[in-house]
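Please keep the sequence and the coordinates at hand while going through the points.

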Amino acid sequence: MQKTPDYHQYFCVSIFTIRFCCCSYVIRNIEYGANTDTSGTLQQLKLDLYIPVKSDTNQVFPLVVMIHGGSYLTGDKDWLSPSCEVLQNSGFVVSSIDYRLGWREPGSYNDEMTTLAHAAYRGMQDANAAL
């Protein structure tokens with residue numbers, strides 16, 4: 001029986017405080033973790049954080065996490081920049097994340113649905129790590 005790898009050892013999350021600011025801004029390429037892709041290469045996982053204007057220090061905002069499409073084969077967090085900016089200007093904190101791409105694992109073309117399920121699982125792991 002194959003042992004399930006402990007994926008938690010690959011993730012680290014930085015926690016920081018958003019301070020009062022009179023203008024909206026974007027913090028780009030925050031590294032939220034790292035994990036191996038389908039080729040076994042360690043991939044840095046990054047997100048962009050869109051912060052709306054705060055009118056006072058006690059104001060709070062809801063968070064929206066944006067995850068791009070692309071069938072686990074293509075795409076990145078920048079695809080969603082226009083939508084993130086609209087949400088940011090509407091009073092939301094927005095996090096747009098990258099996740100590990102690829103679901104056609106070497107030597108596994110005979111079982112496409114299994115490798116697709118593995119790709120979806122990796123995407124969910126990455127989304128959980130971003131939270």
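1. What share of the contacts in the protein chain with a separation of 6 or more is accounted for by residues 24 or more positions apart? The share is 62%, where a contact means heavy atoms within 4.5 Å.

2. On the basis of the note: this is a predicted model, in which local features need pLDDT of at least 70 and side-chain atom pairs count only at pLDDT 80 or more, while totals for chains, interfaces and linings use all residues. Residues are numbered from 1 along each chain as its sequence is written, and side-chain values use heavy atoms, with hydrogens and water left out.

3. On confidence: pLDDT is the predictor's confidence in each residue, from 0 to 100. Its mean over the protein chain is 80, and 76% of the residues reach 70 or more. Among the elements, H1 has the highest mean pLDDT (96) and H2 the lowest (85). Over residues 1-17 the pLDDT stays under 50, and the model has 21 contacts beyond four places in sequence for that stretch.

4. On the overall layout: the protein chain has 2 helices and 4 strands, and its pattern along the sequence reads β-β-β-α-β-α. Helices (H or I, at least four residues) and strands (E, at least two) are DSSP runs, numbered from the N terminus. Of the 131 residues, 34% count as buried; buried means under 20% relative accessible area, exposed over 50%, and partly exposed in between (1.4 Å probe, protein chains only).

5. On the cores: a nonpolar core is a set of buried Ala, Val, Leu, Ile, Met, Phe, Trp, Tyr and Cys residues joined through side-chain atoms within 4.5 Å. The largest one has 11 residues, namely Ile30, Tyr32, Leu45, Leu47, Leu49, Ile51, Val93, Ile97, Ala127, Ala129 and Ala130. Two or more residues come from each of strand E1 (25-36), strand E2 (42-51), strand E4 (93-97) and helix H2 (112-130). E2 gives the most to this core, with 4 residues. Another core, of 5 residues, lies apart from it and has Met66, Leu80, Cys84 and Val94 among its members. In soluble globular proteins, nonpolar side chains tend to be buried together.

6. On strand E4: this strand is largely enclosed by the rest of the structure, because 5 of its 5 residues are buried. Val93, Ser95 and Ile97 point one way, whereas Val94 and Ser96 point the other way. Two strands pair if DSSP finds at least two bridges between them. E4 pairs with E2 in the antiparallel sense over 4 bridges and with E3 in the parallel sense over 5 bridges. Valine 94 of E4 stands opposite tyrosine 50 and is also the bridge partner of valine 64.

7. On helix H1: which residues of helix H1 (residues 81-89) are buried? They are Ser81, Cys84 and Gln88. These three lie on the same side of H1, because they cover an arc of only 60 degrees around the axis; the arc is that of the directions from the helix axis to the C-beta atoms. The face turned away from the buried side carries the exposed residues Pro82, Val86 and Asn89. The cover over the buried residues of H1 includes E1, E2, strand E3 (63-67) and E4. Just after H1, glycine 91 takes a positive phi of about 95 degrees.

8. On aspartate 48: this residue lies in strand E2. Is aspartate 48 buried or exposed? Aspartate 48 is buried, with a relative accessible area of 0%. Its side chain makes a polar contact with the side chain of lysine 77 (3.0 Å). A polar contact is a pair of N or O atoms within 3.5 Å; within protein, one must be able to donate a hydrogen and the other to accept it, and residues adjacent in sequence count only if both atoms are side-chain atoms. Not counting residues up to four places away in sequence, the residues that aspartate 48 touches include Val26, Arg28, Asp78 and Ser95.

9. Asparagine 29 is partly exposed, with a relative accessible area of 44%. Serine 71, in the loop between E3 and H1, has a positive phi of about 55 degrees although it is not a glycine. Serine 71 is exposed, with a relative accessible area of 54%.
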